[in-house]
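Biologist: I have a model open on my screen and would like to learn how to read it. Could you take me through it step by step?

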Amino acid sequence: MDVTYWTRIASPVGELLLTADATGALTSLSVPGQKGGRSVEAGWQSDPGPFRTAEEQLAAYFAGELKEFALESATHGTEFRERVWHALNSVPYGATTTYGEIAARIGASRMAVRAVGGAIGANPLLIVRPCHRVIGADGTMTGYAGGVDRKMRLLTLEGAVS
């Protein structure tokens, strides 16, 4: 039987819901009101133990002391989504990129920008996998599953916008 552990952590962008698998690998990080975010399900086990490292790293990130997360994760998506998510991990702290640039990084055509946006919107690891660093080609703060206000707060924290 698969076990899902969960915990909630307070943060400057709202309470975070974290889930992990039986090995303790992070499987999701959701924020309140997130489009497609997770909710605690029957049978999940509340246990902060598997999340101690994540909690420490998130606290350091929000304090401006951590620029790159080093957490074991176990997320599953289509091969296309996995390629997009891998590309997100290469966007450095304090920088932004565009949906078109992500498409180019994975070798997809400009016509795939919508599909790239869909894959980014399905990212189960908000904040940790930095989908908030992807902006519109014209510099606008387009879509973010956690809300554009949170996106702005994260980018401001990182010094990518003022």
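**Pockets, helices and the overall fold**

Modeller: Gladly! Keep in mind that this is a predicted model. Let's begin with empty space: rolling a probe the size of a water molecule over the atoms shows where such space is left. Here, the largest pocket holds about 300 Å³ of space.

Biologist: Which residues lie nearest the centre of the largest pocket?

Modeller: Look for E68, F69, N89, V128 and P130, which lie nearest its centre among the 17 residues lining the largest pocket. By type, that lining divides into eleven nonpolar, two polar and four charged residues.

Biologist: And how much space lies in the second largest pocket?

Modeller: About 200 Å³. Its lining is made up of K35, Y99, G117, I120, G121, C131, G143, Y144, A145 and K151. Sorted by type, the lining of this second largest pocket has five nonpolar, three polar and two charged residues.

Biologist: Which element gives the most to the lining of the second largest pocket?

Modeller: That is helix α4, with three residues.

Biologist: Then how should I read helix packing?

Modeller: Two packed helices are described by the angle between their axes and the distance between the axes. In this model, α2 (residues 79-89) packs with α4 (residues 113-121) at an angle of about 75 degrees, and their axes are 9 Å apart. Angles of 65 to 115 degrees count as roughly perpendicular, so α2 is roughly perpendicular to α4.

Biologist: Which residues make the contact between α2 and α4?

Modeller: On the α2 side you will find F80, R81, V84, W85 and L88. Facing them from α4 are A115, V116, G118, A119 and I120. The residues of this contact divide into eight nonpolar, one polar and one charged. Notice that I120 belongs to this contact and also to the lining of the second largest pocket.

Biologist: Now let me zoom out. How many helices and strands are there in the protein chain?

Modeller: Five helices and six strands. Along the sequence, their pattern reads β-β-β-β-α-α-β-α-α-β-α. The radius of gyration of the chain is 15 Å, close to the 15 Å that the globule rule gives for 162 residues, so the chain is as compact as a globular protein of that length.

Biologist: What box do the C-alpha atoms fill?

Modeller: Taken along the principal axes, the box is roughly 45 × 35 × 25 Å.

Definitions and conventions
Residues numbered from 1 in each chain as written. Predicted model: local features only at pLDDT ≥ 70, side-chain atom pairs only at ≥ 80, totals over all residues. Heavy atoms only, no water. Axes fitted to C-alpha atoms, helices over the stretch in contact; angles between N-to-C directions. Helix = DSSP H or I, 4+ residues; strand = E, 2+ residues; numbered from the N terminus. Parallel < 35°, antiparallel > 145°, perpendicular 65-115°, else oblique. Contact = heavy atoms within 4.5 Å. Nonpolar A, V, L, I, M, F, W, Y, C, P; charged D, E, K, R; others polar. 1 Å grid on protein atoms, 1.4 Å probe; cavity = no way out; pocket = protein on both sides within 12 Å on 5 of 7 lines; lining within 4 Å. Points joined across faces, edges and corners; volume = space filled by probe spheres on them. Rg over C-alpha atoms; globule rule 2.2 N^0.38 Å.
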